[in-house]
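Visitor: Could you walk me through this model? I would like to begin with the terms and then go through its parts.

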Amino acid sequence: MSVPDDAVVRPVPRLEEPLARVLGERSAAPLAKLGLRTSGDLLRHYPRRYSEPGAFTDLAHLVVGEHVTVMAEVRQATVREMRSRGGAMLQAVVTDGSHQLHLTFFAKRRGALRLHETRLVAGRTGLFTGVVSDYRGQRQLTHPDYQLIGVDADDEASAFLEASRPIPIYPASAAAPTWRIQRCVRTVLDPLTDDDLPDPLPDDVRARHGLVGLRQALLDVHEPYTDEHWTRGRDRLRYEEAFVLQAELARRRSRAVGAVATARPRVDGGLLDLFDAQLPFTLTAGQRAVGEELERELAAAHPMQRLLQGEVGSGKTVVALRAMLQVVDAGGQAALLAPTEVLAAQHARTLRALLGPLGEGGFLGGAEQSTRVALLTGSQGATARRENLLDAASGRAGIVVGTHALLSETVQFADLGLVVVDEQHRFGVEQRDTLRAKAAQTPHLLVMTATPIPRTVAMTVFGDLETSVLTEVPAGRSGITTHVVPAENLAWVERTWRRVREEVERGGRAYVVCPRIDPDEGKGARRDEGDGADLLAADELDLDGPAEAPARRPLQAVLQVAEELRALPALAGVGVAELHGRMPPDDKERALADFASGRVPVLVSTTVIEVGVDVPEATVMVVLDADRFGLSQLHQLRGRVGRGSAPGLCLLVADAPEGTPAATRLATLASTGDGFALAAVDLELRREGDVLGAAQSGAASSLRLLRVARDGEVIEQARTDAREVVDADPELEGHPALRAAIDRQLAGEREEFLDRA
C-alpha cells in the first residue's frame with residue numbers, strides 16, 4: 001500500500017517507542033513479562049529501594065518461595081564432583097555478617113563451573129537474585145543470577161564509582177534481575193533530552209515547590225550518585241502522581257459545575273414538610289446541617305455532586321430520603337441504586353416504613369398527598385416487575401429503588417431528578433452513566449458510603465465530589481461493646497454461645513457471621529452477590545511474622561455453622577436460619593422477616609448483612625474468623641447490632657496470636673467505636689491497596705510512589721495547585737503534557753474506578 005505524497009508520517013514519541021525496537025527483542029522479552037513494553041513503561045518502573053554499598057541485606061527473614069535480591073559478602077565457594085548422580089556442584093556461602101545463605105550451581109562438567117569459581121571469591125560483595133528454597137534446614141538459592149559490586153564494571157574508574165553510589169533495587173524477576181533492568185533503563189534514558197520528556201508539571205508549579213524537571217527526576221531515581229539525589233527525584237515524581245490525579249478530578253468537578261440540571265427547590269407544604277412533621281424522633285444537628293446543604297444544592301440549576309459518608313448508624317438513610325422528597329415535591333423522581341438485592345429490598349422496606357401513609361400513593365390508607373416507593377430487582381416475578389416499571393415510567397412512583405436492574409433499557413422514568421448511589425465503589429462508570437442518561441437533563445447525584453473514608457482517600461478517589469460527614473449517632477442508642485474471643489479457648493467459645501442464648505431469651509436477635517457460604521469452597525471459588533467478604537490474604541495476616549507460618553484451619557462456612565449451632569446444647573430449642581447471596585430472593589426475604597419477627601432469632605450469614613440491614617431487636621453479633629476481615633468491615637458489621645434501645649454486643653472469635661497485625665486490628669476495634677479513627681488505622685495496617693483499581697488491600701497499587709496513608713500533605717497541596725490550574729484552563733488546552741499524563745495514568749480500569757466516584 002503506497003503512502004500519499006501529502007500524507008504526514010508522524011514519528012512515534014520517544015516514550016511510546018516499543019522496547020523491542022530500542023533494546024532488541026532478546027532484552028525486551030523478559031521486561032514485557034513485567035508489563036514493561038515501551039520506553040515510558042520502563043522509565044516509570046521505579047526502584048523499590050536503594051542498597052548502600054557495604055550495607056548487607058538481613059538474611060534471617062528470607063521466605064521460602066519468594067523471589068529475592070539480596071546484597072551479601074561471599075564467605076567461601078567450593079566445587080566437588082557428585083558421585084551418586086554424576087556431574088559437578090559448586091556450593092558458595094554468602095553472609096550478612098550474622099546469617100548465611102547458600103548458593104548452589106550444578107553442571108555436567110566441573111569446567112563449566114570454573115567461571116563462577118573464579119568470580120565468587122571470598123570477601124567480594126555482590127547482589128544475588130533467585131527463588132529462596134530450603135534444603136536440610138538451610139536457606140538457599142539454586143542457580144542464582146548475580147552481580148559483583150566493583151568487579152562487573154568496564155574499567156577501574158567505573159568500578160570505584162559503582163562501588164560508592166546507592167544501588168537501585170527494582171521489582172524484578174528471574175529472567176530480568178535488578179541490575180539488568182538498571183542497564184536497560186540507562187540505555188533508554190541516557191540519550192533522551194528534555195524535549196523528549198514533556199513535563200506534566202507546569203513551570204510555575206515546579207518553581208513554587210522547588211521541584212526538578214522530569215528528566216532530572218528520572219536520572220535522580222534511576223542513576224543516583226547520593227542519597228540526596230534519589231530522595232529529590234522521588235519527591236518530585238511522587239508529587240507529580242498526586243498532581244496528575246488531582247488535575248483530572250478537578251477537571252471533572254469543573255465539568256459538573258458547568259453542566260445544566262433542573263432546579264428542584266423545596267416546596268412549602270409538600271411531602272418533605274409532612275414527613276418532617278410526622279418523624280417520631282428529632283434529627284441530629286449533623287442531619288439538619290447536611291440536609292440544609294443538600295436543600296441548597298438541589299435548588300440550583302447545576303447538578304449537585306455530593307458524597308455523604310457517616311458513622312455506622314448515623315442516619316444517612318433519613319438524610320437521603322429527605323433529599324428525595326424535596327425532588328419529588330418539585331415534580332421529579334429519585335432513583336436509589338443499591339449493589340445487592342438484599343440491600344435494595346431493605347432500603348425499600350425502610351423507606352416505606354419511614355414514609356408510612358406518605359408512601360402509599362393511590363393505595364387504600366394512603367395519605368391524600370403521597371407518593372410510591374417502587375422496587376426493581378433482576379429476580380422479580382413478571383407481574384410485580386410490570387407494575388413497578390409502570391409506576392416508574394408514569395411517575396406514580398416518586399422513589400424507585402433497585403439493583404443493576406434499574407439500568408435495563410426497559411426501565412424508564414417520567415422525570416428523573418436525583419440519583420442516589422449506595423456503596424458507590426461497587427458500580428462502574430458505564431453503569432452509573434446508563435442510569436443518569438435516563439434523565440432529560442443531568443440529574444443531581446448523591447453518593448452514600450457506609451464505610452468511613454479517611455480524608456486522604458476521599459481526596460484521592462472522591463476528589464471531584466463535595467463531601468458531607470455525619471458523625472453523631474441518633475439519641476436513644478445504647479452503644480456496642482466489643483470483645484475478642486480466642487478461637488482456641490473452648491471455654492470462652494462455649495460461653496459465647498451461652499451469651500447468645502441469654503440475649504435471645506431477653507427478646508434479642510443474634511447474627512453469626514461467616515466468611516464463606518460452603519465449607520467446600522476453594523480459594524478461587526465464585527463469589528456471589530453480597531458475599532464479597534473483604535478477606536485478608538494469608539500473606540497479609542502477619543506481614544512481619546515468621547518465614548513459615550503454620551497451616552491455618554479452614555474458614556468457617558454458613559451452611560456448616562448453621563448445622564452445628566442447631567445441634568449445640570447451649571442453643572437447644574432456638575431457631576437458627578441461614579442467609580447468603582446464593583439463596584433465591586424469596587428465601588432471603590423470608591429469612592430476614594423471620595429474623596426480624598423473632599420467629600427465628602439466630603441468623604447465620606455471610607457479609608451480605610454488612611450494610612443496610614436494620615433490625616432494631618438485634619443485640620448480639622458473633623463474627624467467626626474475625627482475624628480474616630479488615631478493620632473497617634468489622635466495624636461496619638458490628639453496626640448491625642445495638643440499633644434499638646438495648647445495648648449491642650459484638651464477639652470476635654479469632655485465631656490471632658498476640659503481637660501479630662491481626663491481633664492489633666482486633667484489639668483496636670475492641671478499644672474504640674470511632675469509625676473514622678478505625679478507617680485511618682486500617683489504612684496504615686493494610687496499606688491502601690490499589691486506590692485506582694479493583695484491589696481493596698495489599699501492596700499492589702496503581703500509585704507507584706504516592707502512598708495515601710502517608711502523603712496526605714502532598715495530596716492536599718497537589719489538590720490546591722491542580723484546582724488553580726484547572727480553574728484557569730478547564731480543559732487543559734494549554735497543558736498538553738498534563739493531558740497526556742492523565743490519559744496514561746488513568747487508562748482502562750483505573751479510569752473506570754475513578755469514575756465510580
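Guide: Helices (H or I, at least four residues) and strands (E, at least two) are DSSP runs, numbered from the N terminus. This is a predicted model, in which local features need pLDDT of at least 70, side-chain atom pairs count only at pLDDT 80 or more, and totals for chains, interfaces and linings use all residues. Residues are numbered from 1 along each chain as its sequence is written, and side-chain values use heavy atoms, with hydrogens and water left out.

Visitor: Where is Asp220 found?

Guide: Asp220 belongs to helix H8. With a relative accessible area of 2%, Asp220 is buried; buried means under 20% relative accessible area, exposed over 50%, and partly exposed in between (1.4 Å probe, protein chains only).

Visitor: Which residues is Asp220 in contact with, leaving aside neighbours within four places in sequence?

Guide: Val212, His229, Trp230, Arg232 and Gly233 are in contact with Asp220 once neighbours within four places in sequence are left aside. Contact means heavy atoms within 4.5 Å.

Visitor: New topic. How many aromatic pairs does the structure hold?

Guide: There are 5 aromatic pairs in the structure. Tyr50 and Trp230 have ring centres 4.5 Å apart and planes at 15 degrees, so they are stacked. Tyr50 lies in strand E1 (residues 49-51) and Trp230 in helix H9 (residues 227-258), so this pair links parts of the chain 180 residues apart. Both Tyr50 and Trp230 are buried.

Visitor: What is the rule for a pair?

Guide: Rings of Phe, Tyr and Trp (its six-membered ring) pair if their centres lie within 6.5 Å; planes under 30 degrees apart count as stacked, over 60 as edge-to-face and the rest as tilted.

Visitor: What about Phe105 and Tyr146?

Guide: Phe105 and Tyr146 make an edge-to-face aromatic pair, at 6.3 Å centre to centre and 75 degrees between the planes. Because Phe105 lies in strand E4 (residues 100-107) and Tyr146 in strand E7 (residues 145-148), the pair ties together parts that are 41 residues apart in sequence. Phe105 is buried at 3% relative accessible area, and Tyr146 is buried at 7%. Phe105, Phe128 and Tyr146 form one aromatic cluster.

Visitor: Which charged end sits over the ring of Tyr225?

Guide: That of Arg165, 4.0 Å from the ring centre of Tyr225. A charge sits over a ring if NZ of Lys or CZ of Arg is within 6 Å of the ring centre and within 35 degrees of the ring normal.

Visitor: How many disulfides are there?

Guide: The count is 0 disulfides, a disulfide being a pair of cysteine sulfur atoms within 2.5 Å. Cys514 is buried at 0% relative accessibility, and Cys650 is buried with a relative accessible area of 0%.

Visitor: What do the buried residues of H24 pack against?

Guide: They pack against helix H7 (203-209), H9 and helix H16 (455-461). Among the buried residues of H24 are Ile715, Arg719 and Asp721.

Visitor: Lastly, is His635 buried or exposed?

Guide: His635 counts as buried, at 5% relative accessibility, and lies in helix H21 (residues 631-638). The C-alpha atoms of His635 and Gly675 are separated by 6.8 Å, although the two residues are 40 residues apart along the chain.
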